[in-house]
Amino acid sequence: MISVATNETYDELVNEGFSIVDFYSTTCVPCKMFSKILEDLTLDFPFVNIVKVNVSDHPALGLRHEIEAVPTVLFVKDGEEKEKVVGLMDEEEVIEKIQQYYYE
Amino acid sequence: MAETLSLRSKAVKVFDYKNLDLSEYIPEFAPDEEALKKDMDRMLKAFGMKIEGESVEAGDMAVITCTSETPKFNKKGITVIVGKGYFSKELEEKLIGVKKGENFSLEADGALVNGTVDRIVRPVVPEMTDESIAKLGIEGVSSVKDLKAFCVDKQIEKLLDDIEEADMASAYLWQKLSEESVFELDEEELKKADEEAAIKEKELEAQKVVFETEEERIKFEKEYEEEYGEPYSEVDFGEFTKNMYRMELQLAALGYEEALKQGTAATYEEYENYIDSIKNYYPNLTMEEMKVQFPVEKYIKERYNDIICKELDDYVLSEFKKKMNPYR
């Protein structure tokens, strides 16, 4: 499921289960590519929460997670940040992270 | 109702640009069949259903709870995609045939694993038929062929985003529309356009390459010719900017007529909203100073010119798709 986070909803969205948080901006081309990868992945992994954060609209969330470039991806399990990856990831890399953190 | 921002310049005769030949701009293209198949499968999958299964089959998503001395297999309510091997290939294979609610005890990856299958979710992907495609509810897509055309159109759009051919074709139409149509330009608006052109000319002149020595000039011209394949010639900025701004006024006159037809003519409130939206970029200017910097006349011209530019861009894209897409 893909959810769009705001300052108010972020914690609730990532608090339970395994989440992939995509920090993006609307003008960033790699972000658009990554967004499509996530859309594809959600078909195969409907049990993974995909949470999207537009850093232009919610700079406070960007600051809180020390986002310095987009796309930046956080892998979060039950609210705990497991890993932060800066830059575009391909589908296989994201699946590896799901294997590593969801099935760990 | 808010008063619309109008133009007094008008088109007396509008050239039919749709008869122009764009073939020289249309790039070579062959669909990426592998990506096409993947896209079509993905769309079917997206519109597929999920049903509850009674016993585990390959491809199911089985929600299991298991215990083991091996920490990896101590899980509560974990979803396993059976057969993919993301969790444990061996465990997934041995789960096949286990019924919902049934306990299991098996060996996987050298560990004894006890557990229960809590739930079985089975994705059902519709078959690739005209009937199932029609049910996807995509506008203009009611058959397998339509879906292929739709997906290839996306490939074409992506290609055109990366190259300049479509922009060149639009610019060609823009120029022909201006040259071949007949306009009655309002004297005041024309004077304003010429004034804007004169300001732009000064800006361009200020950026002109100035050579300190003759050797420098020769070196620059040589490098220019090597890079662009044609000799360097100085542009007459005066003539260039004057034509450009007059053409913009002409096309804006066309755009204004179109906006009136569509009921989308600009209003002063819209102009003020525009100024408001860009004020953050100019923190030292007041609203009134901003209005001097970005006068309403300029806004009107650009706003109506954009309507025609969009119309031309849409036309070019649709013509390119017709010619480039083998499924159309």
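Trainee: How many residues does each chain bring to the contact?

Mentor: Chain B puts 17 residues into the contact, while chain A puts in 13 residues.

Trainee: And what area is buried between chain B and chain A?

Mentor: In this predicted model, the area buried between the two chains is about 1300 Å², and carbon and sulfur atoms give 58% of that area. On the side of chain B, the three residues Arg42(B), Thr79(B) and Tyr86(B) together supply 42% of the area that chain B buries against chain A, which is more than any other three residues supply.

Trainee: How many salt bridges does the rule find across the interface?

Mentor: The rule finds three salt bridges between chain B and chain A. Lys45(B) forms a salt bridge with Asp44(A), and the closest N and O atoms of that pair are 2.7 Å apart. The rule also finds five residue pairs in polar contact across the interface.

Trainee: Which elements of chain B give two or more residues to that side?

Mentor: Those elements are α1, covering 33-46, and β4, covering 75-81. The largest share comes from β4(B), which gives six residues.

Trainee: What kinds of residues make up the side of chain B that touches chain A?

Mentor: They divide into seven nonpolar, seven charged and three polar residues.

Trainee: Changing topic, which domains is chain B divided into?

Mentor: Domain 1 takes in 10-25 + 163-324, domain 2 takes in 28-47 + 129-162, and domain 3 runs over 49-124.

Trainee: What separates the centres of domain 1 and domain 3 of chain B?

Mentor: Taken over C-alpha atoms, those two centres are 63 Å apart.

How values were computed:
Residues numbered from 1 in each chain as written. Chains lettered and ligands numbered in written order. Predicted model: local features only at pLDDT ≥ 70, side-chain atom pairs only at ≥ 80, totals over all residues. Heavy atoms only, no water. Contact = heavy atoms within 4.5 Å. Buried area = accessible area lost by both parts, 1.4 Å probe. Salt bridge = Lys/Arg side-chain N within 4 Å of Asp/Glu carboxyl O. Polar contact = N/O pair within 3.5 Å; in protein donor to acceptor, adjacent residues only side chain to side chain. Helix = DSSP H or I, 4+ residues; strand = E, 2+ residues; numbered from the N terminus. Nonpolar A, V, L, I, M, F, W, Y, C, P; charged D, E, K, R; others polar. Domains from an automatic or database assignment.
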